[in-house]
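Please consult the sequence and the model while reading the points below.

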Amino acid sequence: MTLLDGKKLAEEIKLEIKAEVDQMLASGKRAPHLAAVLVGQNPASKAYVSTKIKFCEDVGYGSTLITEDENVTEERLLSIIDDLNQNDAIDGYIVQLPLPRHIDEERINLAIRPEKDVDGFHPMNFGKMAQGMEAFLPATPYGILEMLRRYQIPTEGKHCVVLGRSNIVGGPMSILMSRKGYPGNCTVTLTHSKTRDIGGELRRADIIIAAIGIPGYVKADMIKEGAVVIDVGINRVQDASKKSGFGLTGDVDFAQIKDKCSFISPVPGGVGPMTVTALMLNTLKAAKKIH
Ligand code: NAP
């Protein structure tokens, strides 16, 4: 079994991005600039945003963090988005999800200018992606593609089973794996909570991409020998050995299946770091377009 080391890959890509930023600066251009809008005090959201800001610092991007109170109005958020859309010093930005219940996430997403939508969530980018056109790919699926590419995992003609159909992970992942090209050209089965026999579907998979948010859901008897397993899940579970009292685990029972699969991404240290990296690659792309 080979571990798909997202942490190591992210460090490699970080150096590549930094080299590009240095080149941009040397040729008189300004560095890419990412902004993040963070609403409320959700600890996971705060941690994600600070990881993104830290990445910006590491590669030489400019960054702007806009924090708003949990009770922020939708109008206020829309006005922040309008400013970001028009601010030429900002190449791309994200609105960290989830947003408080009183905010209509769909309305916020639609207000983001597609050219600055480095999370790749806007329907314009989603539609272009689905049609195989140039677009900002959603960060997690993009990170997974990059992982497959850099580990040179063959995908053509393979049967890929995606677990979960969310708009940010499973849905776009299923489209990308069935697209023409590499990574892609798979025959894809997209499964969800209404799928009748998930075990049966998974057992036929050469590549499994698990994104359902249930710790340890995929067991050894659900996969075939030699399958490639990408674990997207990030689940908080109680862990008395940790100071915080909890640890992170994926949607796959890593201990059970590690000796049965050919490749597996760990949690943490697999898809997570690749997601942040993909966001930074999108930001670089946004900056290059503007320049
Ligand atoms: P989500 O929006 O909650 O979607 C979950 C999907 O799983 C839904 O399509 C749901 O089906 C399906 N599902 C739920 N229970 C199921 C079951 N028992 N059997 C089969 N399907 C089931 O989740 P998400 O945002 O895609 O995230 C999924 C996981 O990935 C979470 O653990 C999340 O924290 C993690 N994640 C990680 C990263 C990263 O960077 N590593 C990024 C994003 C998300 P229905 O559609 O039928 O409800």
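**Ligand surroundings**

The ligand is surrounded by 21 residues, and the closest are Arg165, Ser166, Ser193, Val232 and Thr275; a residue counts as near when one of its heavy atoms lies within 4 Å of the molecule or strand concerned. The model is predicted: local features need pLDDT of at least 70, side-chain atom pairs count only at pLDDT 80 or more, and totals for chains, interfaces and linings use all residues. Residues are numbered from 1 along each chain as its sequence is written, and side-chain values use heavy atoms, with hydrogens and water left out.

- A polar side-chain atom of Arg165 is placed 2.7 Å from an oxygen atom of the ligand. A polar contact is a pair of N or O atoms within 3.5 Å; within protein, one must be able to donate a hydrogen and the other to accept it, and residues adjacent in sequence count only if both atoms are side-chain atoms.
- The side chain of Ser166 has an N or O atom 2.5 Å from an oxygen atom of the ligand.
- For Thr275, an N or O atom of the side chain lies 2.7 Å from an oxygen atom of the ligand.

**The six-stranded sheet**

- An open sheet of 6 strands has the order β1-β11-β8-β7-β5-β6, with parallel pairing. Its edge strands, β1 (2–3) and β6 (187–191), each pair on one side only.
- Two strands are taken to pair if DSSP finds at least two bridges between them. Helices (H or I, at least four residues) and strands (E, at least two) are DSSP runs, numbered from the N terminus.
- Strand β7 (residues 207–210) pairs with strand β8 (residues 228–231) in the parallel sense over 4 bridges. Ala210 has Asp231 in β8 as its bridge partner.
- Helix α7 lies across β5 (159–163), β6 and β7, and runs at about 170° to β6. Contact here means heavy atoms within 4.5 Å. Axes are lines fitted to C-alpha atoms, for helices over the stretch in contact, and angles run from 0 to 180 degrees between N-to-C directions.

**The three-stranded sheet**

- A further open sheet has 3 strands in the order β3-β2-β4, and the pairing is parallel. The edge strands β3 (62–68) and β4 (92–95) each pair on one side only. From one strand to the next, the twist averages 15°.
- Strand β2 (residues 33–39) is joined to β4 by 4 bridges in the parallel sense. Tyr93 in β4 is the bridge partner of Ala35.
- Helix α2 (residues 43–59) lies across β2, β3 and β4 and runs at about 160° to β3. Helix α3 (residues 74–86) also packs on the sheet, where it touches β2, β3 and β4, and its direction makes about 180° with that of β2.

**Packing of α6 and α7**

- Helix α6 (residues 139–150) packs against helix α7 (residues 170–178) at an angle of about 40°, with the axes 9 Å apart.
- Pro141, Ile144, Leu145 and Leu148 of α6 meet Pro172, Met173, Leu176 and Met177 of α7. By class, this contact has 8 nonpolar, no polar and no charged residues. Ala, Val, Leu, Ile, Met, Phe, Trp, Tyr, Cys and Pro count as nonpolar, Asp, Glu, Lys and Arg as charged, and the others, Gly among them, as polar.

**Backbone exceptions**

- Most residues other than glycine have a negative phi, and most peptide bonds are trans.
- The peptide bond from Leu97 to Pro98 is cis, with omega near 0°; Pro98 is in the loop between β4 and α4 (105–111).
- The bond from Val267 to Pro268 is a cis peptide bond with omega near -5°. Pro268 belongs to the loop between β11 (263–264) and α10 (271–290).
- Gln152 is not a glycine, yet has a positive phi of about 50°; Gln152 is located in the loop between α6 and β5.
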